[in-house]
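Colleague: Before I read this model I would like to know which rule lies behind each label. Please take me through them.

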Amino acid sequence: MNRDKKIQEEVQKTMNSLNKLERLEANPYLFTRIEERLKAGVVTPAERPRSFLQLLQPALVACLLLFNVWVAYNIFDSGPTDITYVENSAYDFSYLTVEGQTIENYIPE
Amino acid sequence: MDENVLTTKLKSGNNEAFRVLIDTYQEQVLNTCNGFVRNREEAEDLTQEVFIEVFRSIQNFRGDSKLSTWIYRIAVSKSLEELRNRKRLKRAAYFKSLIGLENAADRVAAPDRNPHQLVEDQQRAAIMQEMLDKLPENQRIAFTLHKYEGLPYQEIAEVMGVSLSATESLIHRAKTNLKKKLSVYYKNKLI
(Lines give C-alpha, C1' and ligand atoms only; values in the text may rest on other atoms or scores of the structure.)
Protein backbone atom coordinates (compact mmCIF):
# COMPACT_ATOMS: atom_id res chain seq x y z
CA MET A 1 0.00 0.00 0.00
CA ASN A 2 2.81 2.41 0.91
CA ARG A 3 4.58 1.52 -2.32
CA ASP A 4 1.46 2.30 -4.38
CA LYS A 5 1.03 5.57 -2.54
CA LYS A 6 4.66 6.46 -3.18
CA ILE A 7 4.24 5.67 -6.90
CA GLN A 8 1.14 7.84 -7.15
CA GLU A 9 2.93 10.70 -5.38
CA GLU A 10 5.80 10.51 -7.86
CA VAL A 11 3.35 10.41 -10.77
CA GLN A 12 1.55 13.48 -9.50
CA LYS A 13 4.77 15.41 -8.86
CA THR A 14 5.95 14.63 -12.40
CA MET A 15 2.60 15.68 -13.89
CA ASN A 16 2.86 18.93 -11.90
CA SER A 17 6.37 19.62 -13.21
CA LEU A 18 4.76 20.87 -16.40
CA ASN A 19 3.36 23.78 -14.45
CA LYS A 20 6.87 24.97 -13.68
CA LEU A 21 8.22 24.92 -17.22
CA GLU A 22 10.11 28.01 -18.26
CA ARG A 23 8.77 29.82 -21.24
CA LEU A 24 11.31 30.59 -23.95
CA GLU A 25 11.79 34.24 -24.75
CA ALA A 26 11.50 35.66 -28.23
CA ASN A 27 14.62 36.28 -30.27
CA PRO A 28 14.93 40.01 -31.12
CA TYR A 29 16.82 39.14 -34.32
CA LEU A 30 14.26 36.72 -35.70
CA PHE A 31 12.83 39.16 -38.25
CA THR A 32 16.30 39.96 -39.61
CA ARG A 33 17.17 36.27 -39.92
CA ILE A 34 13.94 35.49 -41.75
CA GLU A 35 14.41 38.46 -44.05
CA GLU A 36 17.90 37.22 -44.93
CA ARG A 37 16.62 33.73 -45.66
CA LEU A 38 13.88 35.09 -47.90
CA LYS A 39 16.33 37.31 -49.77
CA ALA A 40 18.75 34.42 -50.16
CA GLY A 41 15.91 32.50 -51.84
CA VAL A 42 15.30 29.81 -49.27
CA VAL A 43 13.92 26.87 -51.11
CA THR A 44 11.28 24.82 -49.38
CA PRO A 45 10.84 21.16 -50.32
CA ALA A 46 7.81 22.03 -52.43
CA GLU A 47 9.86 24.40 -54.55
CA ARG A 48 12.94 22.21 -54.89
CA PRO A 49 13.59 21.64 -58.65
CA ARG A 50 12.70 18.15 -59.73
CA SER A 51 15.36 15.85 -61.15
CA PHE A 52 15.50 15.08 -64.89
CA LEU A 53 14.03 11.63 -64.27
CA GLN A 54 11.12 13.12 -62.33
CA LEU A 55 10.40 15.52 -65.18
CA LEU A 56 10.53 12.64 -67.66
CA GLN A 57 8.10 10.45 -65.72
CA PRO A 58 4.83 11.88 -67.12
CA ALA A 59 6.18 11.61 -70.67
CA LEU A 60 7.24 8.00 -70.07
CA VAL A 61 3.81 7.10 -68.68
CA ALA A 62 2.12 8.72 -71.69
CA CYS A 63 4.38 6.76 -74.09
CA LEU A 64 3.59 3.52 -72.28
CA LEU A 65 -0.15 4.18 -72.50
CA LEU A 66 0.05 4.99 -76.20
CA PHE A 67 2.06 1.84 -76.80
CA ASN A 68 -0.57 -0.25 -74.99
CA VAL A 69 -3.34 1.36 -77.01
CA TRP A 70 -1.45 0.64 -80.22
CA VAL A 71 -0.89 -3.00 -79.26
CA ALA A 72 -4.55 -3.44 -78.28
CA TYR A 73 -5.62 -1.87 -81.57
CA ASN A 74 -3.40 -4.24 -83.51
CA ILE A 75 -4.73 -7.27 -81.65
CA PHE A 76 -8.43 -6.49 -82.05
CA ASP A 77 -8.33 -4.99 -85.50
CA SER A 78 -6.03 -7.31 -87.37
CA GLY A 79 -7.84 -6.76 -90.75
CA PRO A 80 -8.94 -9.53 -93.14
CA THR A 81 -7.73 -12.96 -92.13
CA ASP A 82 -7.06 -15.97 -94.30
CA ILE A 83 -9.98 -17.76 -92.70
CA THR A 84 -13.49 -16.71 -93.68
CA TYR A 85 -16.95 -18.22 -93.30
CA VAL A 86 -18.97 -18.66 -96.47
CA GLU A 87 -22.64 -19.46 -96.34
CA ASN A 88 -23.65 -22.39 -98.52
CA SER A 89 -27.27 -21.73 -99.45
CA ALA A 90 -27.82 -25.19 -100.98
CA TYR A 91 -27.14 -27.05 -97.80
CA ASP A 92 -28.03 -24.28 -95.46
CA PHE A 93 -24.89 -24.41 -93.49
CA SER A 94 -21.60 -22.54 -93.65
CA TYR A 95 -18.40 -23.79 -95.02
CA LEU A 96 -15.13 -22.79 -93.63
CA THR A 97 -12.83 -21.64 -96.43
CA VAL A 98 -9.10 -21.39 -96.27
CA GLU A 99 -7.26 -19.17 -98.70
CA GLY A 100 -10.34 -18.90 -100.90
CA GLN A 101 -10.82 -22.68 -101.17
CA THR A 102 -13.30 -24.79 -99.25
CA ILE A 103 -11.98 -26.78 -96.39
CA GLU A 104 -13.03 -30.01 -98.16
CA ASN A 105 -9.90 -29.69 -100.21
CA TYR A 106 -7.91 -29.95 -97.02
CA ILE A 107 -9.64 -32.95 -95.57
CA PRO A 108 -7.60 -36.00 -96.34
CA GLU A 109 -9.60 -38.69 -97.97
CA MET B 1 -2.95 46.44 -35.61
CA ASP B 2 -6.36 44.95 -36.30
CA GLU B 3 -6.13 41.37 -37.64
CA ASN B 4 -8.06 42.12 -40.85
CA VAL B 5 -5.87 45.12 -41.58
CA LEU B 6 -2.76 43.09 -40.83
CA THR B 7 -3.91 40.27 -43.15
CA THR B 8 -4.66 42.70 -45.98
CA LYS B 9 -1.25 44.34 -45.63
CA LEU B 10 0.49 40.95 -45.49
CA LYS B 11 -1.24 39.89 -48.69
CA SER B 12 -0.05 43.04 -50.40
CA GLY B 13 3.52 42.18 -49.37
CA ASN B 14 3.92 44.93 -46.79
CA ASN B 15 7.24 44.40 -45.02
CA GLU B 16 6.26 46.31 -41.90
CA ALA B 17 3.16 44.18 -41.52
CA PHE B 18 5.35 41.08 -41.66
CA ARG B 19 7.52 42.50 -38.88
CA VAL B 20 4.42 43.17 -36.78
CA LEU B 21 3.24 39.61 -37.42
CA ILE B 22 6.55 38.18 -36.23
CA ASP B 23 6.71 40.42 -33.17
CA THR B 24 3.16 39.49 -32.23
CA TYR B 25 3.32 35.73 -32.66
CA GLN B 26 6.93 34.61 -32.44
CA GLU B 27 6.83 33.76 -28.74
CA GLN B 28 3.74 31.57 -29.15
CA VAL B 29 5.25 29.84 -32.16
CA LEU B 30 8.62 29.36 -30.44
CA ASN B 31 7.05 27.82 -27.34
CA THR B 32 4.64 25.69 -29.32
CA CYS B 33 7.53 24.25 -31.33
CA ASN B 34 9.59 23.83 -28.17
CA GLY B 35 6.68 21.94 -26.61
CA PHE B 36 7.24 19.27 -29.28
CA VAL B 37 10.98 19.25 -29.92
CA ARG B 38 12.24 20.36 -26.46
CA ASN B 39 15.39 21.83 -27.96
CA ARG B 40 15.87 25.61 -28.11
CA GLU B 41 17.96 25.63 -31.27
CA GLU B 42 15.57 23.42 -33.19
CA ALA B 43 12.59 25.37 -31.89
CA GLU B 44 14.15 28.59 -33.20
CA ASP B 45 14.85 27.02 -36.61
CA LEU B 46 11.29 25.75 -36.76
CA THR B 47 9.99 29.20 -35.81
CA GLN B 48 11.82 30.69 -38.78
CA GLU B 49 10.36 28.02 -41.07
CA VAL B 50 6.87 28.67 -39.75
CA PHE B 51 7.05 32.37 -40.56
CA ILE B 52 8.61 31.72 -43.96
CA GLU B 53 5.70 29.39 -44.68
CA VAL B 54 3.26 32.07 -43.49
CA PHE B 55 4.91 34.59 -45.80
CA ARG B 56 4.71 32.24 -48.78
CA SER B 57 1.16 31.01 -48.12
CA ILE B 58 -0.58 34.15 -46.90
CA GLN B 59 -2.44 34.47 -50.22
CA ASN B 60 -4.12 31.14 -49.43
CA PHE B 61 -5.39 32.35 -46.05
CA ARG B 62 -9.12 32.83 -46.51
CA GLY B 63 -9.93 34.22 -43.07
CA ASP B 64 -12.22 31.29 -42.14
CA SER B 65 -10.32 31.06 -38.86
CA LYS B 66 -8.30 33.50 -36.81
CA LEU B 67 -4.81 34.31 -38.08
CA SER B 68 -3.35 32.93 -34.82
CA THR B 69 -5.20 29.60 -35.35
CA TRP B 70 -3.77 29.30 -38.85
CA ILE B 71 -0.26 30.09 -37.60
CA TYR B 72 -0.59 27.52 -34.80
CA ARG B 73 -1.62 24.91 -37.38
CA ILE B 74 1.52 25.59 -39.40
CA ALA B 75 3.66 25.47 -36.23
CA VAL B 76 2.18 22.11 -35.18
CA SER B 77 2.57 20.70 -38.68
CA LYS B 78 6.23 21.80 -38.94
CA SER B 79 6.98 20.46 -35.45
CA LEU B 80 5.48 17.05 -36.22
CA GLU B 81 7.41 16.95 -39.50
CA GLU B 82 10.60 17.60 -37.54
CA LEU B 83 9.79 14.82 -35.06
CA ARG B 84 9.19 12.39 -37.94
CA ASN B 85 12.51 13.41 -39.50
CA ARG B 86 14.21 12.81 -36.17
CA LYS B 87 12.77 9.29 -35.93
CA ARG B 88 13.82 8.57 -39.51
CA LEU B 89 17.36 9.82 -38.86
CA LYS B 90 17.54 7.83 -35.63
CA ARG B 91 16.52 4.64 -37.47
CA ALA B 92 19.01 5.34 -40.27
CA ALA B 93 21.78 6.07 -37.76
CA TYR B 94 20.94 2.86 -35.89
CA PHE B 95 21.22 0.74 -39.04
CA LYS B 96 24.38 2.54 -40.06
CA SER B 97 25.87 1.86 -36.63
CA LEU B 98 25.08 -1.84 -37.07
CA ILE B 99 27.24 -1.93 -40.17
CA GLY B 100 29.83 0.50 -38.87
CA LEU B 101 28.94 3.46 -41.09
CA GLU B 102 27.72 5.89 -38.45
CA ASN B 103 29.26 9.39 -38.38
CA ALA B 104 28.85 12.53 -36.25
CA ALA B 105 26.38 14.10 -38.69
CA ASP B 106 23.95 11.25 -38.08
CA ARG B 107 23.45 12.12 -34.43
CA VAL B 108 20.07 13.64 -33.74
CA ALA B 109 19.77 16.74 -31.53
CA ALA B 110 18.81 15.68 -28.04
CA PRO B 111 16.36 17.57 -25.84
CA ASP B 112 18.04 20.32 -23.83
CA ARG B 113 19.56 18.78 -20.75
CA ASN B 114 22.47 20.14 -18.79
CA PRO B 115 23.49 17.26 -16.52
CA HIS B 116 25.30 19.56 -14.14
CA GLN B 117 22.30 21.72 -13.55
CA LEU B 118 19.45 19.27 -13.71
CA VAL B 119 17.38 19.76 -10.62
CA GLU B 120 14.46 17.62 -9.63
CA ASP B 121 11.87 19.55 -11.64
CA GLN B 122 14.00 19.45 -14.75
CA GLN B 123 14.50 15.71 -14.33
CA ARG B 124 10.76 15.27 -14.03
CA ALA B 125 10.17 17.44 -17.11
CA ALA B 126 12.62 15.24 -19.04
CA ILE B 127 10.71 12.12 -17.93
CA MET B 128 7.42 13.78 -18.96
CA GLN B 129 8.88 14.48 -22.40
CA GLU B 130 9.81 10.81 -22.79
CA MET B 131 6.24 9.80 -21.94
CA LEU B 132 4.78 12.44 -24.26
CA ASP B 133 6.84 11.01 -27.12
CA LYS B 134 4.92 7.74 -26.66
CA LEU B 135 1.45 9.24 -26.89
CA PRO B 136 -0.67 8.90 -30.06
CA GLU B 137 -0.13 11.95 -32.25
CA ASN B 138 -3.55 13.57 -31.76
CA GLN B 139 -3.39 13.24 -28.00
CA ARG B 140 0.10 14.65 -28.00
CA ILE B 141 -0.90 17.68 -30.08
CA ALA B 142 -3.94 18.46 -27.94
CA PHE B 143 -2.05 18.02 -24.68
CA THR B 144 0.96 20.06 -25.84
CA LEU B 145 -1.17 22.97 -27.05
CA HIS B 146 -3.12 22.90 -23.79
CA LYS B 147 -0.27 22.44 -21.31
CA TYR B 148 2.66 24.15 -23.04
CA GLU B 149 0.79 26.93 -24.77
CA GLY B 150 -2.15 27.30 -22.44
CA LEU B 151 -4.58 27.45 -25.35
CA PRO B 152 -8.27 27.20 -24.46
CA TYR B 153 -10.07 24.05 -25.62
CA GLN B 154 -12.04 25.95 -28.25
CA GLU B 155 -8.90 27.26 -29.92
CA ILE B 156 -7.25 23.84 -29.78
CA ALA B 157 -10.34 22.42 -31.50
CA GLU B 158 -10.00 25.04 -34.25
CA VAL B 159 -6.28 24.40 -34.70
CA MET B 160 -6.81 20.66 -34.93
CA GLY B 161 -9.98 20.87 -36.98
CA VAL B 162 -11.97 18.75 -34.53
CA SER B 163 -14.99 19.36 -32.32
CA LEU B 164 -14.77 20.80 -28.82
CA SER B 165 -15.89 17.50 -27.30
CA ALA B 166 -13.24 15.63 -29.31
CA THR B 167 -10.60 18.01 -27.93
CA GLU B 168 -11.76 17.48 -24.36
CA SER B 169 -11.68 13.73 -24.92
CA LEU B 170 -8.17 13.85 -26.43
CA ILE B 171 -6.77 15.85 -23.52
CA HIS B 172 -8.48 13.62 -20.97
CA ARG B 173 -7.11 10.48 -22.65
CA ALA B 174 -3.67 12.05 -22.92
CA LYS B 175 -3.60 12.75 -19.18
CA THR B 176 -4.86 9.24 -18.36
CA ASN B 177 -2.26 7.66 -20.64
CA LEU B 178 0.52 9.77 -19.23
CA LYS B 179 -0.40 8.80 -15.67
CA LYS B 180 -0.49 5.11 -16.65
CA LYS B 181 2.91 5.29 -18.33
CA LEU B 182 4.39 7.20 -15.41
CA SER B 183 2.98 4.61 -12.97
CA VAL B 184 4.71 1.85 -14.89
CA TYR B 185 7.91 3.89 -15.02
CA TYR B 186 7.99 4.54 -11.28
CA LYS B 187 6.90 0.97 -10.46
CA ASN B 188 9.93 -0.31 -12.37
CA LYS B 189 12.15 2.31 -10.81
CA LEU B 190 11.14 1.41 -7.27
CA ILE B 191 11.64 -2.33 -7.74
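Modeller: Helices (H or I, at least four residues) and strands (E, at least two) are DSSP runs, numbered from the N terminus. By that rule, Glu168(B) is placed in helix 8 of chain B. This is a predicted model, in which local features need pLDDT of at least 70 and side-chain atom pairs pLDDT 80 or more, while totals for chains, interfaces and linings use all residues. Residues are numbered from 1 along each chain as its sequence is written, and chains are lettered from A, ligands numbered from 1, in the order in which they are written.

Colleague: What elements do the two chains contain?

Modeller: Chain B has 8 helices and 0 strands, in the order α-α-α-α-α-α-α-α. Chain A has 3 helices and 3 strands, and its elements run α-α-α-β-β-β from the N terminus.

Colleague: What fraction of each chain counts as buried?

Modeller: In chain B it is 31% of 191 residues; in chain A it is 4% of 109 residues.

Colleague: Why is helix 6 of chain B called largely enclosed?

Modeller: Of its 11 residues, 9 are buried, so helix 6 of chain B is largely enclosed by the rest of the structure. Among them are Ile141(B), Ala142(B), Phe143(B) and Leu145(B), but also Arg140(B) and Lys147(B).

Colleague: How do you know how helix 6 and helix 8 of chain B are oriented to each other?

Modeller: Their axes come within 8 Å and cross at roughly 95 degrees. Axes are lines fitted to C-alpha atoms, for helices over the stretch in contact, with angles from 0 to 180 degrees between N-to-C directions. Angles under 35 degrees count as roughly parallel, over 145 as roughly antiparallel, 65 to 115 as roughly perpendicular and the rest as oblique. Helix 6 is therefore roughly perpendicular to helix 8 of chain B. Helix 6 of chain B brings residues including Ala142(B) and Phe143(B) to the contact, and helix 8 of chain B brings residues including Leu170(B) and Ile171(B). A contact means C-beta atoms, placed from the backbone, within 7 Å.

Colleague: What makes the 37 residues a nonpolar core, and where does it lie?

Modeller: Such a core is a set of buried Ala, Val, Leu, Ile, Met, Phe, Trp, Tyr and Cys residues joined through C-beta atoms within 7 Å. The largest one has 37 residues, with Ile22(B), Cys33(B) and Ala142(B) among those with the most contacts inside it. Helix 2 of chain B gives the largest share, 9 residues. Domain 1 (1-81) and domain 2 (113-191) of chain B both contribute, so the core lies between them; the bounds come from an automatic or database domain assignment. Cys33(B) touches Ala43(B), Leu46(B), Thr47(B), Ala75(B) and Ser79(B), leaving out residues up to four places away in sequence.

Colleague: How many residues of chain B are in contact with chain A, and which helix gives the most?

Modeller: 28 residues of chain B are in contact with 23 of chain A. Helix 3 of chain B gives the most to the chain B side, 8 residues. That side has 13 nonpolar, 6 polar and 9 charged residues. Here Ala, Val, Leu, Ile, Met, Phe, Trp, Tyr, Cys and Pro count as nonpolar, Asp, Glu, Lys and Arg as charged, and the others, Gly among them, as polar.

Definitions and conventions: Two residues are in contact if their C-beta atoms, placed from the backbone, lie within 7 Å. A residue is buried if 20 or more other C-beta atoms lie within 10 Å of its own, exposed if 12 or fewer, and partly exposed in between; C-beta atoms are placed from the backbone.
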